[in-house]
Amino acid sequence: MSNINGGACGLCGRTVQKLTRHHLVPRTRHKNKRNKKTFDRQEVHRTLGLCSPCHRHVHVVLDNKELEREYNTLEALKAHPDVGRFVEWIKRKPHGTVSARPQRNAG
């Protein structure tokens, strides 16, 4: 996760000191042949500025293949039920709030 200057999180809208760069098409999927047919070069490299809790939550809930195929826009991310619930919860919390949700199992 690379940091960018602070501002409003693309998901929850909270103003934070540092945003992280979320690739709408995960970097691990950039060289996938399907992507080269589906997205143009600019689309593959699009990023969103997200606060750390939102960025972490997106990657806990969705794997890279799901992000690539179904959740490669801000609108799609916001429409995911679990992401939407998290965003509604965190947007009322002060900067510095960290989620206590369990990590997804890698197996």
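**Figure A. Val25 counts as buried, at 0% relative accessibility.** The model is predicted: local features require pLDDT of at least 70, side-chain atom pairs count only at pLDDT 80 or more, and totals for chains, interfaces and linings use all residues. Residues are numbered from 1 along each chain as its sequence is written, and side-chain values use heavy atoms, with hydrogens and water left out. Val25 belongs to the loop between strand S2 and helix H1 (33–38). Here and below, helices (H or I, at least four residues) and strands (E, at least two) are DSSP runs numbered from the N terminus. The C-alpha atom of Val25 lies 7.4 Å from that of Arg46, a residue 21 positions away along the chain.

**Figure B. The chain contains six helices and three strands.** Along the sequence, these elements occur in the order β-β-α-α-β-α-α-α-α. Of the 107 residues, 41% are buried. Among the contacts (heavy atoms within 4.5 Å) with a sequence separation of 6 or more, 64% join residues 24 or more positions apart.

**Figure C. The largest nonpolar core comprises 21 residues.** A nonpolar core is a set of buried Ala, Val, Leu, Ile, Met, Phe, Trp, Tyr and Cys residues joined through side-chain atoms within 4.5 Å. The residues that touch the most other members are Cys9, Leu11, Cys12, Cys54, Leu62 and Leu77. Two or more residues each come from strand S2 (15–23), strand S3 (47–50), helix H3 (52–61), helix H5 (74–79) and helix H6 (81–90). H6 makes the greatest contribution, four residues. Cys54 touches Cys9, Leu11, Cys12, Phe86, Val87 and Ile90, when residues up to four places away in sequence are not counted.

**Figure D. Leu11 occupies the loop between strand S1 (3–8) and S2.** With a relative accessibility of 6%, Leu11 counts as buried. Leu11 and Lys78 are 67 residues apart along the chain, and their C-alpha atoms are separated by 6.9 Å. Apart from neighbours within four places in sequence, Leu11 is in contact with Leu50, Cys54, Val58, Leu74, Leu77, Lys78, Val83 and Val87.

**Figure E. Helix H3 is largely enclosed by the rest of the structure, because seven of its 10 residues are buried.** These buried residues are Pro53, Cys54, His55, His57, Val58, Val60 and Val61. Their cover includes S2, S3, helix H4 (64–69), H5 and H6.

**Figure F. Helices H3 and H6 pack with their axes 10 Å apart and at an angle of about 160 degrees.** H3 is therefore roughly antiparallel to H6. Angles under 35 degrees count as roughly parallel, over 145 as roughly antiparallel, 65 to 115 as roughly perpendicular, and the rest as oblique. Axes are lines fitted to C-alpha atoms, for helices over the stretch in contact, and angles between N-to-C directions run from 0 to 180 degrees. The contact involves Pro53, Cys54, His57 and Val61 of H3, together with Asp82, Val83, Phe86, Val87 and Ile90 of H6. H3 passes H6 in a right-handed crossing. A crossing is right-handed if the near helix is turned clockwise from the far one by less than a right angle, and left-handed if anticlockwise.

**Figure G. Val83 is located in helix H6.** The buried residues of this helix are Asp82, Val83, Gly84, Phe86, Val87 and Ile90, and they pack against H3 and H5. Val83 itself counts as buried, with a relative accessibility of 1%. Between Val83 and Val61, 22 residues apart in sequence, the C-alpha to C-alpha distance is 7.5 Å. Beyond neighbours within four places in sequence, the contacts of Val83 are Leu11, His57, Leu62 and Leu77.

**Figure H. Tyr71 lies in the loop between H4 and H5.** Tyr71 has a relative accessibility of 16% and counts as buried. With neighbours within four places in sequence set aside, Tyr71 is in contact with Leu24, Leu62, Glu66, Ala76, Leu77 and His80.

Key:
Buried means under 20% relative accessible area, exposed over 50%, partly exposed in between (1.4 Å probe, protein chains only).
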